[in-house]
Amino acid sequence: MGRRLSPQSSGVLDALADDPITWRYGYELGQQVGLRAGTLYPILMRLSEGGLLEDSWESDPPAGRPPRHLYRLTALGQQAAAELGSASSDAATHSVRGIQGLATRSAS
Amino acid sequence: MSRWWAGDRRDAAALFLDWTVPLLPDTRRQWGRAMQAELAGLGPSADRWRFAGGCALAILRRPSLGALGALLVPVGFVVATVRLTAGTAYLPLHLVLIAMVIVLAALYLCGDRVELFVPRRTGSHVAGAVRVGGALTLGWLALGIVLSHRSGDGNVVDRASTGVPIFTVLLGLCLVGFLALTSPALADNRVLTRGVGLGVLAAVAWLATALAALPIPPVKCVGVPDPGGRDPDRSGPGRATR
């Protein structure tokens, strides 16, 4: 994806990357990442249109309920999630180093 | 939008979402079905409303401009009528004019959502043009009726009790005709193109005939004695004959 992901989009990508094989559905995913439908669905649409997400319909829904739309990361999505994870760990490392540097300077 | 799934939970939140989903562009229509499916699985009413409201917000972030126009134009038409008829002194006439445009607007909005009248979504510009053109023409006629009746001149009681209700039924039937004609369940492109072509041909033929030989001959007065002793065939009030 050319554009930088928002923190909410990164959260959704992270949540999907936790278990990339399992198909997830929107409401459950929203509950997990703490996003409401108004925020979650535009993110899912963008991820899907960016090729990071594949979707499918539930094949065997229980009686009385329509089939749910299910999502999981594509290979590209998994790669993006991995890059995002390493970038955020780099950022965290930089932050820790920065804090340590400040602490050292203030001690001296 | 047709009710693609007929389950038990058709409450107000589900109906609200059903009416919002057609605002999605065609390329994102499956997301609307996804939202409807999720909503069908939710329990308490408050959760359902929160979810449906969130979905509506998501849809309204990037709606289909055509679908948004199809929603806003009828609503704007009703609002305009309410304002235009604000000065109508005879209250029943005021109300019946507003009722007329509400009925027409509601029928048009149902055209996108009632299964029988749902328009073809892909590859039918002719159907779309006929539908929108027909609706705009009827809207124009209805606007003319509103403007000519709003002053409250003449027999307002007859207008309110008979005239405007008859117009409502006639325009409503025409609109239902347009909706039915442009529904893929009832017509294909070839039928529509032929229908439009024949309609234009009939209008041109009628106009040519009307211009060549006036269907109503000029009125002349005969056989009534003129009190002034003049020739009744030449002037003065009298019996009109054709």
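Which residues in α6(B) meet which residues in α7(B)? In this predicted model, the α6(B) side of the contact is made up of Val130(B), Arg131(B), Gly134(B), Ala135(B), Leu138(B), Leu141(B), Ala142(B), Ile145(B), Ser148(B) and His149(B). Across from them, α7(B) puts in Arg159(B), Val164(B), Phe167(B), Leu171(B), Cys174(B), Leu175(B), Phe178(B), Leu179(B) and Leu181(B). Sorted by class, the residues of this contact come out as 14 nonpolar, three polar and two charged.

As for the geometry of this pair, helix α6 of chain B covers residues 125-149 and helix α7 of chain B covers residues 156-181. Their axes come within 9 Å and cross at roughly 170°, which makes α6(B) roughly antiparallel to α7(B). The spacing along the helices can be read with a general rule in mind. An α-helix has 3.6 residues a turn, so residues three or four places apart point the same way.

Arg131(B) is worth a separate look. Arg131(B) and Phe178(B) are 47 residues apart in sequence, yet their C-alpha atoms are 5.9 Å apart in space.

Setting aside neighbours within four places in sequence, Thr20(B) is in contact with Ala56(B) and Ile59(B).

Zooming out, chain B has 242 residues, of which 36% count as buried. Its secondary structure comes to eight helices and two strands, running α-α-α-α-α-α-α-α-β-β along the sequence. Of the contacts in chain B with a separation of 6 or more, 67% are accounted for by residues 24 or more positions apart.

Chain A has 108 residues, and 31% of them count as buried. Chain A contains four helices and three strands, arranged as α-β-α-α-β-β-α from the N terminus on. For contacts in chain A between residues at least 6 apart in sequence, 52% join residues at least 24 apart.

Two of the chain A helices, α1 (residues 7-18) and α2 (residues 26-33), pack at an angle of about 110° with their axes 10 Å apart. α1(A) and α2(A) are therefore roughly perpendicular to each other, and their crossing is right-handed. On the α1(A) side, the contact is made by Gly11(A), Val12(A), Ala15(A), Leu16(A) and Asp18(A). By class, that gives five nonpolar, two polar and one charged residues.

Then there is helix α3 of chain A, residues 37-49. With 13 residues, α3(A) reaches 18 Å from its first C-alpha to its last, close to the 18 Å expected at 1.5 Å a residue. How many of the 13 residues of α3(A) are buried? The count is 10, so α3(A) is mostly covered. The buried set consists of Ala37(A), Gly38(A), Leu40(A), Tyr41(A), Pro42(A), Ile43(A), Leu44(A), Met45(A), Leu47(A) and Ser48(A). What do these buried residues pack against? Within chain A, their partners are α1, α2, β2 (53-57) and β3 (69-73). From chain B, α2 (29-40) and α3 (45-61) join in. After α3(A) comes Gly51(A), whose phi is positive, near 80°.

The packing of α3(A) on α2(B) brings the two chains together in this account. α3(A) and α2(B) pack at an angle of about 140°, with their axes 12 Å apart. That makes α3(A) oblique to α2(B), and α3(A) passes α2(B) in a right-handed crossing. Here Tyr41(A), Leu44(A), Met45(A) and Ser48(A) in α3(A) meet Trp31(B), Ala34(B), Met35(B) and Glu38(B) in α2(B). The class breakdown of this contact is six nonpolar, one polar and one charged residues. Tyr41(A), Leu44(A), Met45(A) and Ser48(A) are also listed among the buried residues of α3(A).

Note on methods
Residues are numbered from 1 along each chain as its sequence is written. Chains are lettered from A and ligands numbered from 1 in the order in which they are written. This is a predicted model: local features need pLDDT of at least 70, side-chain atom pairs count only at pLDDT 80 or more; totals for chains, interfaces and linings use all residues. Side-chain values use heavy atoms; hydrogens and water are left out. Axes are lines fitted to C-alpha atoms, for helices over the stretch in contact, and angles run from 0 to 180 degrees between N-to-C directions. Angles under 35 degrees count as roughly parallel, over 145 as roughly antiparallel, 65 to 115 as roughly perpendicular and the rest as oblique. A crossing is left-handed if the near helix is turned anticlockwise from the far one by less than a right angle, and right-handed if clockwise. Contact means heavy atoms within 4.5 Å. Ala, Val, Leu, Ile, Met, Phe, Trp, Tyr, Cys and Pro count as nonpolar, Asp, Glu, Lys and Arg as charged, and the others, Gly among them, as polar. The expected span of a helix is 1.5 Å times one less than its number of residues. Buried means under 20% relative accessible area, exposed over 50%, partly exposed in between (1.4 Å probe, protein chains only).
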